[in-house]
Amino acid sequence: MGRFGHRLHMENKKTFRSIGILGGGAWGTALGCVSARKGQKTLLWARNEAVVADINHNHANHLYLPDIALEPRLKASTNIADLGGCDALLLVSPAQTMRQIALALRPHLDVHIPLIICAKGIEQETGALMSQVLDDVLPKNPVAVLSGPNFAGEVARDLPAAVTLACHDEALGAALADAIGAPTFRPYYSPDVIGAQIGGAVKNVLAIACGMVAGLALGENARAALITRGLAEMTRFGLALGALRETMTGLSGVGDLILTCSSEQSRNMSLGKALGEGRKMTDILAERRGVAEGAASAAVVQKLALEAGVDMPIVEAVATLLHSDADVGDVLKHLLNRPFRHEGI
């Protein structure tokens with residue numbers, strides 16, 4: 001048994017009895033179910049009054065998780081101050097609103113309360129990872145990252161899943177794992193806070209590319225090649241920003257990449273598929289409730305890669321298609337006509 005497993009059984013380990021969830025979308029609601037199912041007093045915060053009322057009165061979130069019965073112990077509120085008394089907070093708001101949410105939370109938060117980042121993305125305006133955003137706004141609070149290959153509906157239904165739980169403090173990581181971990185929701189510890197975030201952000205961009213492959217009917221060979229070469233891009237980018245290579249081959253790296261690039265349950269892949277079929281971005285987004293984080297992260301990942309001297313042709317292609325009038329056929333032709341190269345590069 002490794003050190004992390006040993007720490008899970010330490011008698012003096014910190015315990016958590018109440019968990020706060022910031023975000024009433026599909027993933028926030030699913031994580032609320034995980035926490036409540038474990039027996040934690042769980043309070044979910046959301047802006048949408050209808051969502052809050054649905055959770056409290058119907059034990060459901062028909063807007064984001066239709067046809068799924070939620071844990072009756074899960075409660076919800078529209079008042080962010082109500083989360084101030086929780087022992088730990090899971091931040092599940094979209095990446096581009098993380099700074100705004102953290103600022104709203106700050107007056108109500110004790111500096112000892114751990115913050116678990118569950119959003120996947122990079123801040124567009126600053127190029128900051130979510131941990132860096134929290135370092136700016138809430139610098140004294142301990143931070144962890146929860147990321148991995150999970151569809152919210154399956155987690156809410158209590159189907160088996162596993163996640164990376166990244167935290168610099170292994171004892172805190174063990175306590176958090178003990179608070180929310182279960183046979184059907186298995187956290188695996190990592191010290192690599194940077195890498196866990198890189199995987200979650202980049203895989204969303206690559207999933208849009210895989211969706212485009214599906215929309216263009218280019219076949220399964222092309223999708224497999226794109227996933228594999230996308231992993232190479234993700235790894236180069238992660239290493240340049242200080243991630244560990246083993247994180248890129250773990251749950252929050254290749255695990256999340258495979259899931260997101262293999263199913264239209266993925267908002268990012270389904271967005272890419274619609275684009276590949278010739279639909280306009282504005283029309284696609286107008287009919288959606290959930291956020292496709294890859295659309296927001298593509299350009300900033302491309303920018304950071306250029307600054308770091310990292311070659312990311314697939315990410316560059318997605319950013320070009322999302323933020324210009326480029327023809328998908330021309331962009332694909334450019335990708336396919338790149339020089340042949342050594343696979344390890």
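The lining of the second largest pocket in this predicted model consists of 20 nonpolar residues, six charged residues and no polar ones.

- The space within the second largest pocket amounts to about 730 Å³.
- A total of 26 residues line this pocket, and those nearest its centre are Leu 226, Arg 229, Ile 314, Leu 335 and Leu 336.
- At least two lining residues come from each of the helices H8, H9, H15 and H16 (328-336).
- Helix H9 is the greatest contributor to the lining, supplying six residues.

**The nonpolar cores**
- The largest nonpolar core contains 44 residues, among which Val 202, Phe 237 and Met 312 touch the most other members.
- Two or more residues of this core are given by each of the helices H8 (193-215), H9 (220-240), H12 (267-276), H14 (293-308) and H15 (313-322).
- Helix H8 provides the largest share of this core, namely eleven residues.
- Beyond its neighbours within four places in sequence, Met 312 is in contact with Val 202, Glu 233, Met 234, Phe 237, Val 301 and Ala 305.
- There is also a second, separate core, made up of 41 residues, including Phe 16, Leu 44, Leu 70 and Leu 176.

**The annotated region**
- According to an unreviewed UniProt entry, residues 19-171 carry the annotation "domain: Glycerol-3-phosphate dehydrogenase NAD-dependent N-terminal".

Terms used. Residues are numbered from 1 along each chain as its sequence is written. This is a predicted model: local features need pLDDT of at least 70, side-chain atom pairs count only at pLDDT 80 or more; totals for chains, interfaces and linings use all residues. Side-chain values use heavy atoms; hydrogens and water are left out. A nonpolar core is a set of buried Ala, Val, Leu, Ile, Met, Phe, Trp, Tyr and Cys residues joined through side-chain atoms within 4.5 Å. Buried means under 20% relative accessible area, exposed over 50%, partly exposed in between (1.4 Å probe, protein chains only). Helices (H or I, at least four residues) and strands (E, at least two) are DSSP runs, numbered from the N terminus. Contact means heavy atoms within 4.5 Å. UniProt positions are given in the numbering used here, feature names are shortened, and annotations may be inferred rather than shown by experiment. On a 1 Å grid over the protein atoms alone, a cavity is a set of points where a 1.4 Å probe fits but cannot get out, and a pocket is an open set with protein on both sides within 12 Å along at least five of seven lines; lining residues have an atom within 4 Å of a point. Grid points are joined across faces, edges and corners, and a volume is the space filled by probe spheres set on the points. Ala, Val, Leu, Ile, Met, Phe, Trp, Tyr, Cys and Pro count as nonpolar, Asp, Glu, Lys and Arg as charged, and the others, Gly among them, as polar.
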